[in-house]
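Thanks for coming, everyone. Please bring up the model on your screens, and I'll walk you through it.

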Amino acid sequence: MLSSALAAAGGMEEALRRELGTSVLRATGHLGGGCISQGQSYETDDGRVYVKSNSKPEARRMFEGEMASLEAILKTGTIKVPKPIKVIDLPGVTTLFVMEHLEMRGLNRHSSKLGTQLADLHLHNQQLGEKLKKEESTVGKGQGQMEVQFVDQFGFHTVTCCGYLPQVNDWQADWVTFFARQRIQPQMDMIEKNSGDREARELWARLQLKIPSLFCDVEIVPALLHGDLWGGNVAEDDSGPIIFDPASFYGHSEYELAIAGMFGGFSSSFYSAYHSKIPKAPGFEKRLKLYQLFHYMNHWNHFGSGLLDIVVNNDGSTAIDFNLEYRVGKENARKMFEGEMASLEAIQKTNIVRVPQPIKVIDLPGGGAMFVMEYLKMKHLSKYSSKLGEQIADLHLYNQKLGEKLRKEGNTIGRVKEPVTLNFSMWISLDFIRPLAVVIYHRLQAQLDLIEKDYGDREARELWSQLKVKIPEMFSDVEIVPALLHGDLWAGNVAEDDSGPIIFDPASFYGHSEFELAIAGMFADRE
């Protein structure tokens, strides 16, 4: 229905047929997307393609940077990426980016191979330089060369975006200058502009003086980087690892590992394989903290500020305390965070699966809010996948078992004058099930209303009227006891530590346990 909405609004499918020169264009049902862009796969005359769409004014610039990044990585022949095809402007403001569709799953079996191939990517330019040095075939002061040549400066031939914020990639001969002026400084400028935070400016002034000391006796050859290599941008298929959604430039290879270590997604075998080819240089850990500063600030500028505590140590390294949700500034921020807090509390009370301990929602002066919670040091879900499956099942069975235990005592909720709310409005009951069709209508109708409002898609409305007549028959003879759900259990919201699995960022309600598995199977392979 979403593809129908987009087609009716801006002639998306017609534009794709024309631009791709295909007579066949059939949506496959493979949806994807994240907080930046949305995606859909299509069958065409030449095979399956994946189409990303974005309606921000800067979408073309963002997609052109991603396309250039994929092309650059592809030319090295070191690691698999989707083959980019075309950036297409639709009438209005929407821009599309068409690329090869790859059947991907979460990174698991090929973690070690990813480490090896990423190191090969980072070493490719250095090895090319050693091979071509005598020929003096260098680039860096020009743009748009077609051949793969040695790059002797830091930067990139076009703007790339980490998230939707543009990165300044002007060529610089010195890495420290490039990083300070073209990575940290623009982020600091945005923070000061948006928050008026003079203290951050003072800390940055102090840090700038200490940065050169972190690079004493470190030789840095420009390496082609993915640029945004967090756990949500890596995957695998049967042939090996895949990386996607890059924001490339030529920089210090250590920079790549900063965001990889911040949000989980990479096993110890990945790091062992990588460092077997590119060993840690002296001062690696301190520089990693410095590079992580960029990504924390970038997230701060994407989603709002908060109590991001940056401490400049005497040795020039940075200590970052990042124990809270940093998304603020939206009109419904308090409502969103209160729902998340209630969801965490409800899951926590079952004592089944681990979640961060919620602490407090705080209103910010001038609007917006922040959500403070326990900091958990998490890594990519790998060792405890089976245990997570068991714990999610136990979570879903918890209410049913509680009902069986307490039925005789009449200890139930749900028959109240007003619905009990856990982020989504839905009655909670142990012995009374609100008609399931009503619940499904409530979910889908709300989405349909948004589609119709944003795109004016009457075709989607007609399809919905046909579908809702058929929904009740799908649940004939199915007994459903309300189960407490996480509500948004995709791969980006699960992790683990040494003690077991962790789930976070819930949007809980009591519903059908099967509902939980829908998104779990949809977005395992996309940002």
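**The nonpolar cores**

Let's start inside. The largest nonpolar core has 68 residues, and those touching the most other members are Leu 114, Trp 175, Phe 179, Phe 215, Ile 243 and Tyr 255. A nonpolar core here is a set of buried Ala, Val, Leu, Ile, Met, Phe, Trp, Tyr and Cys residues joined through side-chain atoms within 4.5 Å. Buried means under 20% relative accessible area, exposed means over 50%, and partly exposed is in between, with a 1.4 Å probe and protein chains only. Helix α9, residues 284–303, gives this core its largest share, eight residues. At least three residues come from each of domain 1 (8–101) and domain 2 (106–129 + 150–307). Those bounds come from an automatic or database domain assignment.

Take Phe 179. Setting aside neighbours within four places in sequence, Phe 179 is in contact with Ile 184, Tyr 255, Leu 290, Tyr 291 and Phe 294. Contact means heavy atoms within 4.5 Å. There is also a second, separate core of 23 residues, and Ala 346, Ile 347, Val 355 and Leu 388 are among them.

A word on provenance. This is a predicted model: local features need pLDDT of at least 70, side-chain atom pairs count only at pLDDT 80 or more, and totals for chains, interfaces and linings use all residues. Residues are numbered from 1 along each chain as its sequence is written, and side-chain values use heavy atoms, with hydrogens and water left out.

**The overall numbers**

The protein has 14 helices and 24 strands. Both are DSSP runs, numbered from the N terminus: helices are H or I with at least four residues, strands are E with at least two. Of the 527 residues, 51% are buried. Among contacts with a separation of 6 or more, 64% link residues 24 or more positions apart. The accessible surface comes to about 25,600 Å², and 51% of that belongs to carbon and sulfur atoms. The areas use the Shrake-Rupley method with a 1.4 Å probe; for residues, only the protein chains shown count as cover.

**Helix α7**

Next, a helix under cover. Eight of the eight residues of α7 are buried, so the helix is largely enclosed by the rest of the structure. Its buried residues include Ser 253, Tyr 255 and Ile 259. Glu 254 sits in this helix, which spans residues 253–260. Is Glu 254 buried or exposed? Glu 254 counts as buried, because its relative accessibility is 7%. Not counting residues up to four places away in sequence, Glu 254 touches Ala 281, Phe 284, Arg 287, Leu 288 and Tyr 291.

Now the strands. Strand β2, residues 38–44, is mostly covered, with six of its seven residues buried. β2 runs antiparallel to strand β3, residues 47–54, and seven bridges join them. Two strands pair if DSSP finds at least two bridges between them. Gln 40 has Val 51 in β3 as its bridge partner. Two residues make the hairpin from β2 to β3.

Strand β11 (residues 234–237) and strand β12 (residues 240–243) are also antiparallel, joined by four bridges. Here Glu 236 has Pro 241 in β12 as its bridge partner. A hairpin of two residues links β11 to β12.

Last item. For Cys 161, the nearest cysteine sulfur is that of Cys 162, 9.0 Å away. Cys 161 counts as buried, because its relative accessibility is 8%.

Terms used
A disulfide is a pair of cysteine sulfur atoms within 2.5 Å.
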